[in-house]
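Subject: Structure handover, salt bridges

Hello,

I am handing over the structure below, along with notes on its charged side-chain pairs. Please read the notes with the model open.

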Amino acid sequence: MRLNEHTVITGKSVILTPYVSEHVEQYHKWMQDPFLQEMTASEPLSIEEEYDNQKSWREDDEKLTFIILDRESESMIGDVNLFITENEDSAEVWNGEVEIMIAEESARRKGVATEAIRLFMHYVCEHLPRVQLFFVKIGDSNESSLKLFEKLDFRFHKHVEVFSETELRQSVTGALTNSLKEHWADYSATLINKPP
Ligand SMILES: CC(C)(COP(=O)(O)OP(=O)(O)OC[C@H]1O[C@@H](n2cnc3c(N)ncnc32)[C@H](O)[C@@H]1OP(=O)(O)O)[C@@H](O)C(=O)NCCC(=O)NCCS
């Protein structure tokens with residue numbers, strides 16, 4: 001979506017920046033890795049398809065994405081996304097599927113995903129208030145991700161046998177938005193809308 005096309009969020013150890021065409025080559029390189037393909041349940045794409053993908057994440061109203069940069073080196077380390085679907089019970093509110101990838105192995109186990117997701121969810125709660133439920137689908141072999149989201153207070157919703165994946169959910173409550181606000185302050189996070 002176009003909502004965040006000029007938005008840069010700076011936290012303690014990460015920067016969230018819009019996914020632009022300059023990022024595609026590195027992104028495409030990452031997605032050649034069979035481990036990342038398996039963990040993210042992704043098929044390898046051609047470079048042309050990856051450019052189309054970047055365009056669709058920028059233009060489609062149901063997709064929100066940021067590239068995650070290491071704050072110190074400003075190099076790309078991953079991405080965090082939201083895919084919006086309609087809520088089963090009410091057309092007024094939306095569900096948001098969260099996806100995260102810390103593609104650079106050297107950046108893992110340092111709290112980067114935790115920080116990026118908290119900053120991202122705070123941004124979503126502030127700017128897309130119709131999102132009332134976050135959910136995540138995690139493959140059975142991805143114990144790291146399961147632990148990560150449980151630590152972030154996502155809770156078991158269902159196991160889908162045919163896809164060998166578990167869905168965890170978290171509703172947007174006052175407690176969640178308050179806790180995200182506190183984390184935002186702890187990370188001394190800032191949001192800048194850069195001019196086009
Ligand atoms: C899963 C992933 C996003 C975690 O990113 P990260 O930056 O390393 O995560 P954090 O450092 O914030 O870790 C937060 C918690 O997640 C859990 N965790 C992360 N990596 C783990 C691992 N290798 N083994 C066990 N638990 C792990 C731990 O509970 C950890 O808390 P702790 O460090 O206090 O024990 C990262 O490993 C990744 O991108 N993997 C490949 C792609 C992927 O799986 N994406 C998710 C698809 S659903």
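A salt bridge here is a side-chain nitrogen of Lys or Arg within 4 Å of a carboxyl oxygen of Asp or Glu. With that rule, the count in this structure is seven salt bridges. Please keep in mind that the model is predicted. As background, side chains of opposite charge can pair when their charged atoms come close.

Notes on individual pairs follow.

Buried means under 20% relative accessible area; K63 has 15% relative accessibility, so K63 counts as buried. D60, at 25% relative accessibility, counts as partly exposed.

A salt bridge also links the side chains of R169 and E88, at 3.0 Å from N to O. R169 is in strand β8 (residues 165-171), whereas E88 sits in the loop between β4 (76-86) and β5 (94-102), so this pair ties together parts that are 81 residues apart in sequence. E88 has 55% relative accessibility and counts as exposed.

R169 forms a salt bridge with E167 as well, and the closest N and O atoms of that pair are 2.8 Å apart. E167 is buried, its relative accessible area being 6%.

There is also a network: R2, E5 and E59 are joined into one by salt bridges that share partners.

Regards

Definitions and conventions
Residues are numbered from 1 along each chain as its sequence is written. This is a predicted model: local features need pLDDT of at least 70, side-chain atom pairs count only at pLDDT 80 or more; totals for chains, interfaces and linings use all residues. Side-chain values use heavy atoms; hydrogens and water are left out. Buried means under 20% relative accessible area, exposed over 50%, partly exposed in between (1.4 Å probe, protein chains only). Helices (H or I, at least four residues) and strands (E, at least two) are DSSP runs, numbered from the N terminus.
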